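Hello,

The structure is placed below, and my notes on it follow. Please read the two side by side.

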Amino acid sequence: MLFIDSKIDPDKLSLRLLAGLGDAVNSLIERERAIIHTHSAKQMHNWTKERVNAKAQAGNLERLRQFLTEKERNLIRRATNLQTANYGKTGQLLARQATAYEILLGYLYLSNTARLQELIGLLDRQAQRPNGM
């Protein structure tokens, strides 16, 4: 944890709270990446907007599935069963997967930042492969 001194047990938090935290964590991760690849605040915003949306988050979750532990898979299963209210253009399935990704990020941010960095690193390495190989 970066800024919180007290130990928060993520297993005692609601999935919705974890999703809210995970959304912020995802946004921060993508803004950090954007700093490397952009030269202005507008470019950073556009970079982040392309990567912090339901479609991108659901895609990230799908790319990580094979690397998840049993406990993480169980968390994802519970998260995808969570009712989502605001799925408008994206559709309910995509919204649930995106929410599950956010919950995973929020959970790992509070419980195991090394694991969070490992999974984000896996996404980075997959993105660097030519033609998605």
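Arg33 counts as buried, at 17% relative accessibility; buried means under 20% relative accessible area, exposed over 50%, and partly exposed in between (1.4 Å probe, protein chains only). This is a predicted model, in which local features need pLDDT of at least 70, side-chain atom pairs count only at pLDDT 80 or more, and totals for chains, interfaces and linings use all residues. Residues are numbered from 1 along each chain as its sequence is written, and side-chain values use heavy atoms, with hydrogens and water left out.

Arg33 is found in helix H1. Helices (H or I, at least four residues) and strands (E, at least two) are DSSP runs, numbered from the N terminus. The side chain of Arg33 makes a polar contact with that of Glu30, at 2.5 Å. A polar contact is a pair of N or O atoms within 3.5 Å; within protein, one must be able to donate a hydrogen and the other to accept it, and residues adjacent in sequence count only if both atoms are side-chain atoms. Glu30 and Arg33 also belong, with Asp124, to a network of salt bridges (a side-chain nitrogen of Lys or Arg within 4 Å of a carboxyl oxygen of Asp or Glu). With neighbours within four places in sequence left aside, Arg33 is in contact (heavy atoms within 4.5 Å) with Trp47, Ile120, Leu123 and Asp124.

**The chain as a whole**

The protein chain holds six helices and zero strands, giving the pattern α-α-α-α-α-α along the sequence. Of its 133 residues, 41% are buried. Among contacts between residues at least 6 apart in sequence, 66% join residues at least 24 apart. The accessible surface is about 8400 Å², with 54% of that belonging to carbon and sulfur atoms; the areas come from the Shrake-Rupley method with a 1.4 Å probe, and for residues only the protein chains shown count as cover.

**Other salt bridges**

The count of salt bridges comes to seven. One of them joins Asp11 to Lys71, with the closest N and O atoms 3.8 Å apart. Asp11 lies in the segment before H1 and Lys71 in helix H4, so this pair ties together parts that are 60 residues apart in sequence. Lys71 counts as exposed, at 51% relative accessibility.

Glu72 and Arg115 meet through their side chains in a salt bridge of 2.8 Å, N to O. This pair also links distant parts of the chain, with Glu72 in helix H4 and Arg115 in helix H6, 43 residues apart. Are these two residues, Glu72 and Arg115, buried or exposed? Both are buried.

A further salt bridge, between the side chains of Glu62 and Arg65, has an N to O distance of 3.0 Å. Glu62 is partly exposed at 46% relative accessibility, and Arg65 is partly exposed at 29%.

**Helices H3 and H6**

H3 is mostly covered, with eight of its eleven residues buried. These are Ala54, Ala56, Gln57, Ala58, Gly59, Asn60, Leu61 and Leu64. They pack against H1, helix H2 (41-51), H4, H5 and H6. Ala54 is 5.8 Å from Ala95, C-alpha to C-alpha, although the two are 41 residues apart in sequence. Ala95 lies in helix H5 and is buried, with a relative accessible area of 8%.

Helix H6 (residues 113-128) has 16 residues and reaches 23 Å from its first C-alpha to its last, close to the expected 22 Å; the expected span is 1.5 Å times one less than the number of residues. Its buried residues are Arg115, Leu116, Leu119, Ile120, Gly121, Leu122, Leu123 and Gln126. They pack against helix H1 (15-37), helix H3 (54-64), helix H4 (70-80) and helix H5 (92-111).

**The nonpolar core**

A nonpolar core is a set of buried Ala, Val, Leu, Ile, Met, Phe, Trp, Tyr and Cys residues joined through side-chain atoms within 4.5 Å. The largest one has 26 residues, and Leu64, Tyr101, Ile103, Leu104, Leu116, Leu119 and Ile120 touch the most other members. H1, H3, H4, H5 and H6 each supply at least two residues of this core, and its largest share, nine residues, comes from H5. Beyond its neighbours within four places in sequence, Tyr101 is in contact with Asn26, Gln57, Asn60, Leu61, Leu64, Ile120 and Leu123.

Regards
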